[in-house]
Amino acid sequence: MSAPPVDAALRDRVATMVSTATDGEVTTEEILTGGGSLAALGVGSLAVLRLVDALDDELGVQLDLDTPGTHLDDFDDLVRTVQEQAVADDLGHTAQGQAVADDLVRTVQERAVADDLGGTVQERAVRDD
């Protein structure tokens with residue numbers, strides 16, 4: 001099974017973020033053309049910490065350095081991880097939004113039924129008088 005395709009615009013943006021995290025010591029072009037290992041390109045541990053903060057601040061993607069499988073050394077794996085987490089977050093927000101919408105519809109339906117029942121009771125009371 002092959003890895004999902006990486007979004008080119010996201011790849012460019014993450015490369016720029018990596019370059020910024022290194023204070024320009026590693027250029028965006030070097031990252032995009034070199035690919036592979038960020039460490040081999042000269043991205044040090046301080047730059048990785050800056051990158052993790054930037055990914056959280058700019059993209060809302062939180063990477064835990066202590067979690068096994070957090071791909072931070074290979075550039076394309078990093079971009080793929082960022083892309084997958086962003087998609088998962090979007091799906092989570094969609095599911096939460098759908099749950100809120102479902103609750104709202106249920107509340108409106110319950111109130112409509114209650115109003116209908118109340119109207120029916122009032123109509124009976126008027127007819128009985």
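This is a predicted model: local features need pLDDT of at least 70, side-chain atom pairs count only at pLDDT 80 or more; totals for chains, interfaces and linings use all residues.
Biologist: Why give both an angle and a distance?

Modeller: Because two packed helices are described by the angle between their axes and the distance between the axes.

Biologist: Is the crossing left-handed or right-handed?

Modeller: The crossing of helix 1 and helix 4 is right-handed.

Biologist: Which residues meet there?

Modeller: Helix 1 contributes L10, R13, V14, M17, V18 and A21. From helix 4 come A47, R50, L51, A54, L55, E58 and L59.

Biologist: How many of them are nonpolar, polar or charged?

Modeller: The contact of helix 1 with helix 4 has ten nonpolar residues and three charged ones, with no polar residues.

Biologist: Let us take L51. Where does it lie, and is it buried or exposed?

Modeller: L51 lies in helix 4, which spans residues 45–59. It has 3% relative accessibility, and buried means under 20%, so L51 counts as buried.

Biologist: Which residues does L51 touch?

Modeller: Leaving aside residues up to four places away in sequence, L51 touches M17, V18, A21 and L78.

Biologist: Changing topic to R80: which helix is it in?

Modeller: R80 belongs to helix 5, residues 75–128.

Biologist: Is R80 buried or exposed?

Modeller: R80 counts as buried because its relative accessibility is 17%, and the cut-off for buried is under 20%.

Biologist: What joins the side chains of R80 and D77?

Modeller: A polar contact of 3.1 Å joins the side chains of R80 and D77.

Biologist: Now the whole chain. How many helices and strands are there?

Modeller: The protein chain has five helices and zero strands. From the N terminus, the order is α-α-α-α-α.

Biologist: What percentage of the residues counts as buried?

Modeller: Of the 129 residues in the protein chain, 25% count as buried.

Biologist: And what share of contacts comes from residues 24 or more positions apart?

Modeller: Those residues account for 55% of the contacts in the protein chain with a separation of 6 or more.

Conventions
Residues are numbered from 1 along each chain as its sequence is written. Side-chain values use heavy atoms; hydrogens and water are left out. Helices (H or I, at least four residues) and strands (E, at least two) are DSSP runs, numbered from the N terminus. Buried means under 20% relative accessible area, exposed over 50%, partly exposed in between (1.4 Å probe, protein chains only). A polar contact is a pair of N or O atoms within 3.5 Å; within protein, one must be able to donate a hydrogen and the other to accept it, and residues adjacent in sequence count only if both atoms are side-chain atoms. Contact means heavy atoms within 4.5 Å. A crossing is left-handed if the near helix is turned anticlockwise from the far one by less than a right angle, and right-handed if clockwise. Ala, Val, Leu, Ile, Met, Phe, Trp, Tyr, Cys and Pro count as nonpolar, Asp, Glu, Lys and Arg as charged, and the others, Gly among them, as polar.
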